[in-house]
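Thanks for coming, everyone. Let me put the structure up, and then we will go through its side-chain pairs and its sheet.

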Amino acid sequence: MVYGLYISAEGAQAQSRRMEVIANNLANVDTPGFKNEFAILEARDSEAIDQYLDSPGSGSINNIGGGVMVRDTQTNFKPGPITPTGNRDDIALRGEGYFQVQHGDQVMLTRGGNFVFTPDGRLTTQEGYPVLSSDGDPVQVDPEAKAVHNGAYYNERGEVVIGGEVIELGIAKPESNADLVKFGKNLFRSLGPVEQIPEEQRSAAPGMLERSAANPITEMMAMIETTRAYESNINMIKSQDEALGNLLGRVLRQS
């Protein structure tokens, strides 16, 4: 019976962690370039097996399930929908690649192209991080030329075109998305090398944004499912605790 309490507690803890992941997805349904995550649940071995005091398949009393646990979280790198915004500062990527931005002494990657041109001609993210060119330098344009510019700031090759000046945005990709580690809402840090997308493969959509990959309806359904599973585990804990209390009460009355 006491072991059942532990099993239910493990289940409640796993569902609580899953709820945190889903809640973060829901909080970022409007974040451009956001990639939603999902929790991977896995059957847990008994404590004795986890402590290497026994082995799976031994047939002993320790060879029983240990409940469920969250093994890891995985990121869904599927591109979000691309929609027009009417904002000349915005740009979306079609196909592979990530914009490169400077965060402190690190180069980060993002699919969120909701950039901003500052009054002095610097291109930055909404948080103020410099957007980099393919040469690795912060994008800087002539503010006077920008002030009189009437067309789009970008072209479909992912270049800034203002006042006759052409600056190629840094659009790179890692060897594998498995190398990417989330940093903040829609930034990624690559654990391995990245390379610039070849010119013939660069494709951008000026005046558009890649929206969040988190679907609010799907996430809400997952939240309801997780909440019910969490409540079921809590109710099991209460039931087992009550049964254990009644058993102890009877034993004490008979002693």
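Start with Glu 225 and Arg 18. Their side chains meet in a salt bridge, 3.5 Å from N to O. The rule here is a side-chain nitrogen of Lys or Arg within 4 Å of a carboxyl oxygen of Asp or Glu. Glu 225 sits in helix α4, residues 216-254, and Arg 18 in helix α1, residues 2-27, so this pair ties together parts 207 residues apart in sequence. Helices are DSSP runs of H or I with at least four residues, strands are runs of E with at least two, and both are numbered from the N terminus.

Now, how accessible are the two partners? Glu 225 is partly exposed, at 47% relative accessible area. Arg 18 counts as buried, at 18%. The cut-offs: buried is under 20% relative accessible area, exposed is over 50%, partly exposed is in between, with a 1.4 Å probe and protein chains only.

A word on the source. This is a predicted model: local features need pLDDT of at least 70, side-chain atom pairs count only at pLDDT 80 or more, and totals for chains, interfaces and linings use all residues. Residues are numbered from 1 along each chain as its sequence is written, and side-chain values use heavy atoms, with hydrogens and water left out.

Back to the charges. Side chains of opposite charge can pair when their charged atoms come close. How many salt bridges are there? The count comes to 9.

One of them joins Glu 96 and Lys 173, at 3.0 Å from N to O. Glu 96 lies in the loop between β4 (91-93) and β5 (98-103), while Lys 173 is in strand β11, residues 171-174, so the pair ties together parts 77 residues apart in sequence. Glu 96 counts as exposed, at 53% relative accessibility. The two side chains also make a polar contact, at 3.0 Å. That term means a pair of N or O atoms within 3.5 Å; within protein, one must be able to donate a hydrogen and the other to accept it, and residues adjacent in sequence count only if both atoms are side-chain atoms.

What else does Lys 173 touch? Leaving aside neighbours within four places in sequence, Lys 173 is in contact with Glu 96, Gly 97, Val 194, Glu 195 and Ile 197. Contact means heavy atoms within 4.5 Å.

Next, Arg 122 and Asp 120. Their closest N and O atoms are 3.2 Å apart, in a salt bridge. Arg 122 is partly exposed at 34%. Asp 120 is partly exposed too, at 39%. Elsewhere, salt bridges that share partners join Lys 35, Arg 111 and Glu 210 into one network.

On to the sheet. What is the strand order? It is an open sheet of 6 strands, β12-β13-β6-β5-β11-β14, with antiparallel pairing. Two strands pair if DSSP finds at least two bridges between them. The edge strands are β12 (180-183) and β14 (194-196), each pairing on one side only. Neighbouring strands are turned by 50° against each other on average, direction ignored. Axes are lines fitted to C-alpha atoms, for helices over the stretch in contact, and angles run from 0 to 180 degrees between N-to-C directions.

Look inside that sheet. Strand β6, residues 106-110, is joined to β13 by 2 bridges, and the two run antiparallel. Leu 109 stands opposite Phe 188 in β13. Phe 188 and Met 108 are 80 residues apart in sequence, yet 5.6 Å apart in space, C-alpha to C-alpha.

Phe 188 brings us to the rings. The structure holds 5 aromatic pairs. Rings of Phe, Tyr and Trp (its six-membered ring) pair if their centres lie within 6.5 Å; planes under 30 degrees apart are stacked, over 60 edge-to-face, the rest tilted. Phe 77 and Phe 188 form a tilted pair: 5.5 Å centre to centre, 45° between planes. Phe 188 is buried, at 1%. Phe 77 is partly exposed, at 21%. Ring pairs link Phe 77, Tyr 98 and Phe 188 into a cluster.

Last pair. The ring centres of Phe 117 and Tyr 153 are 5.0 Å apart, with planes at 75°, so this one is edge-to-face. Phe 117 is in strand β7 (residues 116-117), Tyr 153 in the loop between α3 (143-147) and β9 (159-162), 36 residues apart. Buried or exposed? Phe 117 and Tyr 153 are both buried.
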